[in-house]
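Me: Please take me through the terms used for the structure shown here, setting each value against its definition.

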Amino acid sequence: MDDIDTADRTGVLDEALERLHTSGPEREGWLSNHAPMAVEALVRHGHAASVHRWIDAYRAKLEDLPAPYARVTPENWREALGDPARITDWARYFERETAERPWRDVLAEWWPRLLPGIAGGATHPVIRVGHAVRTLLTTEETAPRVTELAHALGYWAARHQPLPPVTALHAAPTAAAALEAVPAVPDQSAGIRHRLAQLTALPRWGADGVDPDTARVRLTELVTAATHRYATHAHGEPVMLVHAATAPNAVLRTLPALPRELWAPSVGAAWAASAAVTAAYTPAGPMSYETGALTAEEVFGRAAAHGDDHAIKFADTALDVGDPVALAAAVRAVELIDPSDG
């Protein structure tokens, strides 16, 4: 189901983004604001009428933009990269950049700079970029939609954090096999930053010797494999394992807006992000699941009614995959994620 053009005639998406752009991308110092991503998915799948009520319910999780610290410029951006105290400085920098140049040019310049830090902010910044780019590629380029991309890029720049160096293990023949071969981090008792710091090795997959068209195919394979794996492994951590699929899908959604020479390097980064989340939250073993007779529209409707931002965003990715296992995985998210978790 893809009703965003019809829904957009109501102006709901722009209204929602304008409401949300007075808020920062985080709360309590590190928890991500998922609202811009969730409302984009709700509008896209025909639930525009519920968006303002959804934001009203989410309002307690919103904080104002932090006070600016020091202006980010083309001369000093390297010293500001990865500094979360500069979140507002970065948002303003990208607002200026996208006001002065086409957003595609800004994205193409910054994508290779930001890609090494794809896991920063628990992959939320790249996911937010993916939602913003999808909107700009498929709908009118309004000011709130361009501003959303600016804030998403600013969040990524502020939370940019490369993964630790890892040893490349044997190459896996498929994305599913590669995810299955990812070693779990030894201590899964704390948050994601503690877990990702323990990464030492990951299987090789996907990035060797690919042309742009193959890169797209491999990213599609990775998104499918991670979405399917959620059906059997979500009990490891139902909220965080969503990102093993939604992060690479954000990269896949962004490809059409990027120069083709950036497609192949994007595969390796997307794999690293998906594999890192998988390593951080791998359960002891899989669990069984059942496929059902629900349509894609019904599955997304369940996620929208459930209301959790992660369930909504994961259902959005599952609908991109579109097969029965993916839809069953989205139902698992609704079943396993507490409505208060987001």
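Me: On what basis are the values reported?

Reply: This is a predicted model, in which local features need pLDDT of at least 70 and side-chain atom pairs count only at pLDDT 80 or more, whereas totals for chains, interfaces and linings use all residues. Residues are numbered from 1 along each chain as its sequence is written, and side-chain values use heavy atoms, with hydrogens and water left out.

Me: Why is α15 called roughly antiparallel to α16?

Reply: The axes of helix α15 (residues 296–306) and helix α16 (residues 309–321) cross at roughly 170 degrees and come within 8 Å. Axes are lines fitted to C-alpha atoms, for helices over the stretch in contact, with angles from 0 to 180 degrees between N-to-C directions. Angles under 35 degrees count as roughly parallel, over 145 as roughly antiparallel, 65 to 115 as roughly perpendicular and the rest as oblique. The crossing angle therefore makes α15 roughly antiparallel to α16.

Me: Which residues make the contact between α15 and α16?

Reply: Contact means heavy atoms within 4.5 Å. Among the residues involved are Val-299, Phe-300 and His-306 of α15, and Ile-312, Asp-316 and Leu-319 of α16.

Me: Why does Val-126 count as buried?

Reply: Buried means under 20% relative accessible area, exposed over 50%, and partly exposed in between (1.4 Å probe, protein chains only). Val-126 has 0% relative accessibility and therefore counts as buried. This residue lies in helix α8 (residues 124–138). Beyond residues up to four places away in sequence, Val-126 touches Trp-111, Ile-118, Trp-156, Ala-247, Ala-250 and Val-251.

Me: Which residues touch the most other members of the largest nonpolar core?

Reply: They are Trp-90 and Trp-111, in a core of 115 residues. Helix α14 (residues 263–280) supplies the largest share of this core, twelve residues. A nonpolar core is a set of buried Ala, Val, Leu, Ile, Met, Phe, Trp, Tyr and Cys residues joined through side-chain atoms within 4.5 Å.

Note on methods. Helix = DSSP H or I, 4+ residues; strand = E, 2+ residues; numbered from the N terminus.
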